[in-house]
Amino acid sequence: MLDLIIQGGSIVNADAIIKTDIAVQDGRIVSLGDAALLGRAKRVINAAGQYVLPGLIDMHTHFEAPFMGCRGALDFYSGSVAGAFGGVTTFIDFTNTRPGDSVLARVKERREEMAKAVIDYSTHAKFVEANPQVIAEIPAIVEYGCSSIKLFMTYRKEGVMIEDDGMLAVLEAARKWGALPGVHAESNAIAEFHIERQRAKGELDWIDFPKAKPPLCEEEAVRRAILLAEAAGSPLYIFHLTSRRGLETVRQSRLRGCPVYAETCPHYLVLTQEMYRQEEGYRYIMSPPLRDTDDCQALWTGLGQDVLVVSSDDCTYTLAEKTMFLPQDETGGRRDFTKVVNGVPGIETRLPLLLEEGVQQGRLTLQQLVAVASANPAKLFGLYPEKGVLQPGSLADMVLVDLAQTGTIQADRLHQGIDYSVYEGKKVTGWPTMTIARGKVIVEDGNFVGVRGAGQFVRRKPFAANR
Ligand code: URP
Ligand code: ZN
Ligand code: ZN
């Protein structure tokens, strides 16, 4: 007897949409075909009129990650539950490495912290320095199943930035051992140069934030990272790309044959720097900053042309945390973007936003959505074809989508328990109706029905093996 049949839906893979039924046994898809021929099952889910997508992969989250003096609002349980409501069945977070740490020890510690997650998980290994001890750990980290590395090119004051010579050493070892290195690409020098001058002129209001870190600041770091990767013979992944200039730099390097990949995030596709004009503009402080509509358009084109993938960069703080370091005066508070912790929520809203702004607006097909939010991330991060595709032998990670269901994004109807959403009031057509992880239904009828700790640590293959 099968565990599950999903009947009557259309399955969406990156290369095709097929109207067929799915048979699941022991957490895996065992066959596709007409339900009448698949055999009997303990449960049959009627997916008529719906699309069945591979579970989304979120390769950029920050749960249990203290930053800029704030604790962060989500842990691996609450963050992963929110992800489940957004159709996410696998997420990749980051180690909380500090100078002097063993990165391998941080990877193992992170795995333990993540064990409360309700969906599958992994971590990128963050390197904040490149001493011989941590470089020597890279083969063991890859062997452990974490075949990707995170490097910050900014946040020197926060103690996590790596210098260029350190980057080169990490990139060289990454190439040798099969890890994909990824960068937060912003020029620390340009950002600090601007902030110092803006401070002198009293220009630290929310609306001044994007001026401190303009597209030029991103382009300089993207260009430098690509050239350093080229020097080391390494592939490169760029986290949260935001600008046309950054994207063009990536595109040119790919035309030269460099193995350079990049992601963007829904907020850079959907919101613009006009948000910083709001009284509550501090809610939108994240790095890099929001850009112009022209940049949004360029990013949508990059997605449609397979140059980009999409993560959430979920880095959730409560409003109290966002405002806790603002200088107070007799009128109740003063604006200073340098005092606002960077980051916004997003793991739950990525899929509805891609459905509305991508599919409904004709910028992405459903297949392209699967490519940018599931299949290509799975390939890049060593998870394919276990994940990222619906085919016999793959894990039964799925999200059902009703393209006709309408919804409104409201903080109090999301599942992060956070007092705001940067998309508050946004109307969306197309909504995830059910999430299935390893063959078990975990979100159904608007309720979480999964189990704390049911997620598994996924051992990811080395980078070279899956290209
Ligand atoms: O503002 C952001 N993105 N906060 C999270 C940390 C990072 O830089 O990704
Ligand atoms: Zn970043
Ligand atoms: Zn991030």
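Colleague: How many helices and strands does the protein chain have?

Modeller: This is a predicted model, in which local features need pLDDT of at least 70 and side-chain atom pairs count only at pLDDT 80 or more, while totals for chains, interfaces and linings use all residues. Residues are numbered from 1 along each chain as its sequence is written, and chains are lettered from A and ligands numbered from 1 in the order in which they are written. Helices (H or I, at least four residues) and strands (E, at least two) are DSSP runs, numbered from the N terminus. On that basis, the protein chain has 15 helices and 19 strands.

Colleague: What radius of gyration does the protein chain have, and does it agree or disagree with that of a compact globule?

Modeller: The radius of gyration is taken over C-alpha atoms, and the globule rule is 2.2 Å times the number of residues to the power 0.38. With 467 residues, the rule gives a value near 23 Å, and the protein chain agrees with it, at 21 Å.

Colleague: Which residue in E4 stands opposite Leu-4?

Modeller: Strand E1 (residues 2-7) and strand E4 (residues 21-25) pair in the antiparallel sense, over three bridges. Opposite Leu-4 stands Val-24.

Colleague: How do the residues of the shell around ligand 1 divide into nonpolar, polar and charged?

Modeller: A residue is near a molecule if its C-beta atom, placed from the backbone, lies within 6 Å of it. The residues around ligand 1 include His-62, His-184, Asp-313 and Cys-315. Ala, Val, Leu, Ile, Met, Phe, Trp, Tyr, Cys and Pro count as nonpolar, Asp, Glu, Lys and Arg as charged, and the others, Gly among them, as polar. The shell therefore divides into two nonpolar, five polar and one charged.

Colleague: Is Trp-431 buried or exposed, or in between?

Modeller: Trp-431 is found in strand E17 (residues 427-437). A residue is buried if 20 or more other C-beta atoms, placed from the backbone, lie within 10 Å of its own, exposed if 12 or fewer, and partly exposed in between. Because Trp-431 has 18 other C-beta atoms within 10 Å, this residue is partly exposed.

Methods. Two strands pair if DSSP finds at least two bridges between them.
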